[in-house]
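This briefing accompanies the sequence and three-dimensional model shown below. Please read it alongside the structure, topic by topic.

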Amino acid sequence: MGTEAMFAVKGKDFVIIAADAMTAFSVMKLKDDYDKIWEVEGKLFAASGPSADASNFMEFIEKNINLHTLRTGLKLSTKASANYTRNELAQSLRKKGSYQTDLLIGGVDADGPKLYFMDYMGSSESVNKAAHGYGAMFTFGLMDRYWKPDMELEEAKDIIRKCIKELEVRFVVDLGKYICKVVTKDGIRLETL
């Protein structure tokens, strides 16, 4: 768990993910415009952890999911993408170079929206709302209180705004700006909060 924050909410026909845009090393801020939310074949993968691990792991996952599609002509579902990612993360634990990467994976399939919470130890769970990083410590209660089934996009954006506001008030580190993306059956778009 690093000095970062990622939030995700599953709604009626969408998944929304927001992540801070800061990268840091030790006590130094290195960048404040880094996009931690990857777009892979119509799905969103938010990756946190050391920048090198998150970037290397996501590039590996992205290329292999694309390779699967090229070989078979079939796109992986969100569940299949999450299972493949979880397996690769778990396999890396057994090798010398494991990835210290936590992920939130969201997508919309024929049977509706899906959101997966995954940690660096390779555990994965299908959830309705999720958070990673130090931001999660302050915001799970808010998500539990305000999330409801069949949420509209504006309601989900309001939960994300409440989470960001809570961090601005209570967290000692200013994480700066956030990048927010939404995935629907029609594709992925950048969303303003």
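A residue is called buried under 20% relative accessible area, exposed over 50%, and partly exposed in between, with a 1.4 Å probe and protein chains only. By that scale Asp-35 is partly exposed, because its relative accessible area is 29%. The model is a predicted one, in which local features need pLDDT of at least 70 and side-chain atom pairs count only at pLDDT 80 or more, while totals for chains, interfaces and linings use all residues. Residues are numbered from 1 along each chain as its sequence is written, and side-chain values use heavy atoms, with hydrogens and water left out.

**Salt bridges**

- Side chains of opposite charge can pair when their charged atoms come close.
- A salt bridge is taken here as a side-chain nitrogen of Lys or Arg within 4 Å of a carboxyl oxygen of Asp or Glu; a search of the whole structure finds 16 of them.
- One of these joins the side chains of Lys-181 and Asp-35, with 2.7 Å from N to O. Lys-181 belongs to strand 11 (residues 178-184) and Asp-35 to the loop between strand 4 and strand 5 (37-40), so this pair ties together parts that are 146 residues apart in sequence. Helices (H or I, at least four residues) and strands (E, at least two) are DSSP runs, numbered from the N terminus.
- Lys-181 counts as buried because its relative accessibility is 5%.
- Lys-12 and Glu-152 also meet through their side chains in a salt bridge, at 2.8 Å from N to O. This pair links distant parts of the chain, 140 residues apart: Lys-12 sits in the loop between strand 1 (5-10) and strand 2 (14-20), and Glu-152 in the loop between helix 3 (134-146) and helix 4 (153-170).
- Lys-12 is partly exposed at 40% relative accessibility, and Glu-152 is partly exposed at 40%.
- A further salt bridge connects Glu-191 with Arg-189, whose closest N and O atoms are 3.0 Å apart. Salt bridges that share partners join Glu-154, Lys-157, Arg-161, Arg-189 and Glu-191 into one network.
- Within this pair, Glu-191 is buried with a relative accessible area of 16%, whereas Arg-189 is partly exposed with 37%.

- Strand 11 is mostly covered, with 7 of its 7 residues buried.
- The cover extends to both faces of strand 11: Tyr-178, Cys-180, Val-182 and Thr-184 are buried on one side, and Ile-179, Lys-181 and Val-183 on the other.
- Two strands are said to pair if DSSP finds at least two bridges between them. Strand 2 and strand 11 pair in the antiparallel sense over 7 bridges, and Ala-19 has Ile-179 as its bridge partner in strand 11.
- Strand 11 also runs antiparallel to strand 12 (residues 187-190), to which 4 bridges join it. Here the bridge partner of Val-183 is Ile-188.
- A hairpin through 2 residues connects strand 11 to strand 12.

**The open sheet and its helices**

- An open sheet is formed by 5 strands in the order 5-6-7-8-9, with antiparallel pairing. Its edge strands, strand 5 and strand 9 (124-126), each pair on one side only.
- Neighbouring strands of this sheet are turned by 20° against each other on average, direction ignored. Axes are lines fitted to C-alpha atoms, for helices over the stretch in contact, and angles run from 0 to 180 degrees between N-to-C directions.
- Strand 5 pairs with strand 6 (residues 43-48) in the antiparallel sense over 4 bridges, and Leu-44 in strand 6 is the bridge partner of Glu-39.
- Helix 1 (residues 51-72) packs on the sheet, touching strand 5, strand 6 and strand 7 (102-109), and its direction makes about 10° with that of strand 5. Contact means heavy atoms within 4.5 Å.
- Helix 2 (residues 78-93) lies across strand 6, strand 7, strand 8 (112-118) and strand 9, running at about 160° to strand 7.
- Glu-62 is found in helix 1 and counts as buried at 17% relative accessibility. Leaving aside residues up to four places away in sequence, Glu-62 touches Trp-38, Glu-39 and Val-40.
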